[in-house]
Amino acid sequence: MFFMFINRLIRDQMIELDERDPRIMRLGNLPSAYFLCGRDDNDEPFLGVPAEMMPWFTQIDWTGASLCRKEGYLYLEGRDPRTQTMLIAFGIRVRSKRLNVFAIDGHEDVDMMSLNMKVFEKDEQNPKQVYFADHHEVIGIPLQEIGTCHELSTDEEAEESRKILAKSGLDRTFTPTKIVGA
């Protein structure tokens, strides 16, 4: 389901792959708005995930989250549990000042904080009303601050990813052609 979601975003040109490392994906403004962010009753930061993305979105092994204030993104990281090699960095666009909901710049040590995920639903009669689940779906994703998304992977890993993408043929441009019957 996650790959179908990514495929649709690529088709609709609402996601961009990083030129240096294609495993780093950045959502545009519209799909980033699918998610909500805030603090719960215990003052713990959370990312709100729409109920329509359940259970597949939270079943991904998100091992870390990085705040990149310079770029205005929260990057969710999926890494190989054995090698810690990055498999995917899923960037959700968040206004730089709004990233303070996860860690207040200059007042909180981001390295001591973690991110939880909560599921939410919109009220069908009143779209401005949102209902959150009483429990967290995912707890304790470690947070960190980065200056650029390129800190998430090494140059060697990025080069290997570009080679794999080129070998697959997915990095080529395709031109649609209408086929007319004979």
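**Whole chain**

Start with a cartoon of the whole chain, and keep in mind that this is a predicted model. The chain has three helices and ten strands. Read from the N terminus, the elements follow the order α-β-β-α-β-β-β-β-β-β-β-β-α. Along its principal axes, the C-alpha trace spans about 65 × 45 × 30 Å.

Next, colour by accessibility. Of the 182 residues in the chain, 43% are buried. If you display contacts between residues at least 6 apart in sequence, 62% of them join residues at least 24 apart.

**The largest nonpolar core**

Select Phe57, Leu74, Leu76 and Phe90. These are the residues with the most contacts inside the largest nonpolar core, which has 37 residues. Now highlight the elements that each supply at least two residues of this core: helix H1 (2-11), strand S2 (24-27), S4, S5, S6, S7, strand S8 (114-122) and strand S10 (138-145). H1 gives the most, with four residues. As background, nonpolar side chains in soluble globular proteins tend to be buried together.

Stay on Phe57 and show its surroundings. Which residues does Phe57 touch, not counting those up to four places away in sequence? They are Phe2, Phe35, Val49, Trp62, Leu76, Phe90 and Met117. Apart from this core lies another one, of nine residues; Tyr73, Met86, Ile146 and Cys149 are among them.

**Aromatic pairs**

Show the rings of Phe, Tyr and Trp. The structure holds 17 aromatic pairs. Go to Phe46 and Phe132, which form an edge-to-face pair with 5.2 Å centre to centre and 75 degrees between the planes. Phe46 lies in strand S4 and Phe132 in strand S9 (residues 130-132), so this pair ties together parts that are 86 residues apart in sequence.

Phe132, at 33% relative accessibility, is partly exposed.

Move to Phe57 and Trp62 for a tilted pair: the distance is 5.4 Å centre to centre, with 40 degrees between the planes. Phe57 is buried, because its relative accessibility is 0%. Trp62 is also buried, at 6% relative accessibility.

Then select Phe2, Phe3, Phe5, Tyr34, Phe35, Trp56, Phe57, Trp62 and Phe90 together; ring pairs link them into a cluster.

The charged end of Lys118 sits over the ring of Phe46, 5.7 Å from its centre.

**Backbone details in the loops**

- Select Met54 and Pro55. A cis peptide bond joins the two, with omega at about 0 degrees. Pro55 lies in the loop between strand S4 (45-50) and strand S5 (62-68).
- Select Asp43, in the loop between strand S3 (36-39) and S4. Asp43 is not a glycine, yet its phi is positive, at about 65 degrees. With a relative accessible area of 48%, Asp43 is partly exposed.
- Select Gln84, in the loop between strand S6 (73-79) and strand S7 (86-93). Gln84 also has a positive phi, about 65 degrees, although it is not a glycine. Its relative accessible area is 43%, so Gln84 counts as partly exposed.

**The largest pocket**

Finish with a surface view. Rolling a probe the size of a water molecule over the atoms shows where empty space is left. The largest pocket has a volume of about 640 Å³. To centre on it, select Phe3, Pro22, Arg23, Met25 and Leu87, which are the closest to the pocket centre of the 22 residues that line it.

Which elements each supply at least two residues of the lining? They are H1, S7 and helix H3 (155-168). The largest share of the lining, six residues, comes from H3.

Notes. Residues are numbered from 1 along each chain as its sequence is written. This is a predicted model: local features need pLDDT of at least 70, side-chain atom pairs count only at pLDDT 80 or more; totals for chains, interfaces and linings use all residues. Side-chain values use heavy atoms; hydrogens and water are left out. Buried means under 20% relative accessible area, exposed over 50%, partly exposed in between (1.4 Å probe, protein chains only). A nonpolar core is a set of buried Ala, Val, Leu, Ile, Met, Phe, Trp, Tyr and Cys residues joined through side-chain atoms within 4.5 Å. Contact means heavy atoms within 4.5 Å. Rings of Phe, Tyr and Trp (its six-membered ring) pair if their centres lie within 6.5 Å; planes under 30 degrees apart count as stacked, over 60 as edge-to-face and the rest as tilted. A charge sits over a ring if NZ of Lys or CZ of Arg is within 6 Å of the ring centre and within 35 degrees of the ring normal. On a 1 Å grid over the protein atoms alone, a cavity is a set of points where a 1.4 Å probe fits but cannot get out, and a pocket is an open set with protein on both sides within 12 Å along at least five of seven lines; lining residues have an atom within 4 Å of a point. Grid points are joined across faces, edges and corners, and a volume is the space filled by probe spheres set on the points.
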